[in-house]
Amino acid sequence: MTDFRRLSDSMLASPQITVADIAAAKEAGVSLIVNNRPDNESDDQPDGAEIEAAAKAAGIEYLAIPIGHSGFSLPQVDALAEALRANDGTVLGYCRSGTRSTLLWAMAQAKLGMSPAEIAAAAENAGYSIAPVQAAIDMLAGQASE
């Protein structure tokens, strides 16, 4: 079931994808898939290696930045910020519900200089709230403007 939600011109967030969703991602112009879900988080999720193999077979790059129960870290934010800077096409981030992918994108955007208000509006338009990481977004945005 494809449920790609647009966060920006170059970023989509989605609940868990399957190999069957790769064709829809390709049609949507996705050039990079970012997996934010650790393997074995639940019994019914596809293995990241399956998604990676299908993505690469379709000509889509793949990057795993798993976010577990311990939450977010600066290296994860940096990894996504670098991937966003290096990618010319559309990025699709996914996790169980799309929330972790959205929150990581929000922090990466703050680090890259996007205003917290713009980030919040974009997330809200896609059906997500950045409230759980608002303080981190404000801090990263403040550092970016220094």
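**Reading the model**

Tutor: In this predicted model, helix 5 is followed by Gly127, whose phi is positive, near 95°.

Student: Which residues of helix 5 (residues 116-125) are buried, and where do they lie around the axis?

Tutor: The residues with under 20% relative accessible area count as buried. In helix 5 these are Ile119, Ala122 and Ala123. They span an arc of only 95° around the axis, so they lie on the same side of helix 5.

Student: Which exposed residues does the opposite face of helix 5 carry, and what covers the buried ones?

Tutor: The face turned away from the buried side of helix 5 carries the exposed residues Ala117, Glu124 and Asn125. The cover over the buried residues of helix 5 includes strand 1 (5-8), helix 4 and helix 6.

Student: Which residues of helix 6 (residues 134-144) are buried, and how are they placed around the axis?

Tutor: The buried residues of helix 6 are Ile137, Leu140 and Ala141. Seen down the axis, they fall within an arc of 100°, so they line one face of the helix.

Student: Which residues make the contact between helix 4 and helix 6, and of what class are they?

Tutor: Helix 4 contributes Ala106, Met107, Ala110 and Lys111, while helix 6 contributes Ala136, Ile137, Leu140, Ala141 and Ala144. By class, this contact has eight nonpolar, no polar and one charged residues.

Student: At what angle do helix 3 (residues 74-86) and helix 4 pack, and why are they described as perpendicular?

Tutor: The axes of helix 3 and helix 4 are 8 Å apart, and the packing angle is about 75°. Angles of 65 to 115 degrees count as roughly perpendicular. Helix 3 and helix 4 are therefore roughly perpendicular to each other.

Student: Which residues form the contact of helix 3 with helix 4, and how many are nonpolar, polar and charged?

Tutor: From helix 3 come Leu74, Gln76, Val77, Asp78, Leu80, Ala81 and Leu84, and from helix 4 come Leu104, Trp105, Met107, Ala108, Gln109 and Lys111. The classes are nine nonpolar, two polar and two charged residues.

Student: How is strand 5 (residues 90-94) paired with strand 2 (residues 11-14) and with strand 3, and which residue of strand 5 stands opposite Val34?

Tutor: Strand 2 and strand 5 run parallel and are joined by four bridges, with Ala13 having Gly93 as its bridge partner. Strand 3 and strand 5 also pair in the parallel sense, over five bridges. On strand 5, the residue opposite Val34 is Gly93.

Student: Which residues of strand 5 are buried on each face?

Tutor: Five of the five residues of strand 5 are buried. In a regular strand the side chains alternate between the two faces of the sheet. In strand 5, one side has Thr90, Leu92 and Tyr94, and the other has Val91 and Gly93.

Student: Is Asn40 buried or exposed, and what is its phi?

Tutor: Asn40 is found in the loop between strand 3 (30-35) and helix 2 (48-57). Asn40 is exposed, with a relative accessible area of 71%. Most residues other than glycine have a negative phi. Asn40 is not a glycine, yet its phi is positive, at about 65°.

Student: Is Gln45 buried or exposed, and which residues is it in contact with, leaving aside its neighbours within four places in sequence?

Tutor: Gln45 is also found in the loop between strand 3 and helix 2. Its relative accessible area is 11%, so Gln45 is buried. Leaving aside neighbours within four places in sequence, Gln45 is in contact with Gln16, Arg37, Pro38, Asp39 and Asn40.

Conventions. Residues numbered from 1 in each chain as written. Predicted model: local features only at pLDDT ≥ 70, side-chain atom pairs only at ≥ 80, totals over all residues. Heavy atoms only, no water. Contact = heavy atoms within 4.5 Å. Helix = DSSP H or I, 4+ residues; strand = E, 2+ residues; numbered from the N terminus. Nonpolar A, V, L, I, M, F, W, Y, C, P; charged D, E, K, R; others polar. Buried < 20%, exposed > 50% of the residue type's maximum accessible area, 1.4 Å probe, protein only. Arc of directions from axis to C-beta. Pairing = 2+ DSSP bridges. Axes fitted to C-alpha atoms, helices over the stretch in contact; angles between N-to-C directions. Parallel < 35°, antiparallel > 145°, perpendicular 65-115°, else oblique.
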